[in-house]
Amino acid sequence: MKLLIANWKMNKNFDDGLKVIKTIRKKIKNNSNKKYIILPPLQSTLHIKNNLIKNDVIFGSQDCSQFKNGAYTGDISAQMIKKIGCKYILIGHSERRTIFNETDEVLKRKIKRALEQKLKVIFCVGESLTQYKQGNSIKFIIKQLTKVLDNNINFKQIILAYEPIWAIGTNVTPRMEEIDYIHLKIKETMKKKYNILKIPVLYGGSVKAVNSSDIFSLKNVDGGLIGGASLIASEFCKIYDTL
Ligand code: PEP
């Protein structure tokens, strides 16, 4: 199963979002080989869901609280996210790690909250430009994985996304062989550390219709996490066609 995830970040009001999803829905369909999942800003999701003729679009959230419920102003719990019909939660995006200072401990708790609600987790890892230049990408990524994931996790609920920070929103990507190699190393780590033989690993970072078929044809890449290009329905559909 190949996956394409649209991370809209803090873009699009509920009315714009609905328009984009209506266009996407007309052009592309999920099937048993591939599916797309949309992560709108959460306040739009219910509106969009309620205004679609058919309930056939899969939604997820870009984040969830590390807490179950209570006095946590501004936070939204995994249970609330589940209640509005989301099936997925993105955890550990580099923007959450760097701008909101989310630590490994926080991410661990967020994953726990999401799994308690039987939501699937898309867990992001990826190195900075400095780490890449120093040849430390793999070492750093393995640390990100092993600091957060433990053997008690139900790995059937986990999807991994490799997103080099320096490729996000920059129009640059690693070379194709580098992308494939890192995905392979991530899979090998999952096997060695957790005895997980099969886990989807998606690539994210400046994926567009012009480079998506090269990226998706790589042996170890199981799909994509798309930021900027997922805001334009036609572009997102073209990317989906190459999956
Ligand atoms: C992202 O932020 O997850 C992302 C992949 O962004 P972009 O596609 O814009 O590089």
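Which residues does Glu163 touch, not counting residues up to four places away in sequence? I took this as my starting point in a predicted model.

**Entry 1: Glu163 and its contacts.** I listed the contacts of Glu163 and found His93, Cys124, Val125, Gly126, Glu127, Ile168, Gly204, Gly205 and Leu225. I then placed Glu163 in the chain. Glu163 sits in the loop between β6 (158–162) and α8 (176–194).

**Entry 2: accessibility.** Is Glu163 buried or exposed? I read a relative accessibility of 6% for Glu163. The cut-off for buried is under 20%, so Glu163 counts as buried.

**Entry 3: polar partner.** I checked the side chain of Glu163 for a polar contact. It pairs with the side chain of His93 at 3.4 Å.

**Entry 4: Ser206.** I looked up the spacing between Glu163 and Ser206. They are 43 residues apart in sequence. Their C-alpha atoms are 9.4 Å apart in space.

**Entry 5: the ligand.** I turned to the ligand next. I counted 14 residues around it. Glu163 and Ser206 are among the closest, along with Lys9, His93 and Gly169. By class, I noted four nonpolar, eight polar and two charged residues in this shell.

**Entry 6: ligand oxygens.** I went through the polar distances. For Lys9, a side-chain N or O atom lies 2.5 Å from an oxygen atom of the ligand. For His93, a side-chain N or O atom is 2.8 Å from a ligand oxygen. For Gly227, a polar backbone atom is 2.8 Å from an oxygen atom of the ligand. I finished with the area. The ligand exposes 290 Å² when taken alone, and the protein buries 97% of that.

Conventions. Residues numbered from 1 in each chain as written. Predicted model: local features only at pLDDT ≥ 70, side-chain atom pairs only at ≥ 80, totals over all residues. Heavy atoms only, no water. Helix = DSSP H or I, 4+ residues; strand = E, 2+ residues; numbered from the N terminus. Buried < 20%, exposed > 50% of the residue type's maximum accessible area, 1.4 Å probe, protein only. Contact = heavy atoms within 4.5 Å. Polar contact = N/O pair within 3.5 Å; in protein donor to acceptor, adjacent residues only side chain to side chain. Near = heavy atom within 4 Å. Areas by Shrake-Rupley, 256 points an atom, 1.4 Å probe, with all protein chains shown as cover. Nonpolar A, V, L, I, M, F, W, Y, C, P; charged D, E, K, R; others polar.
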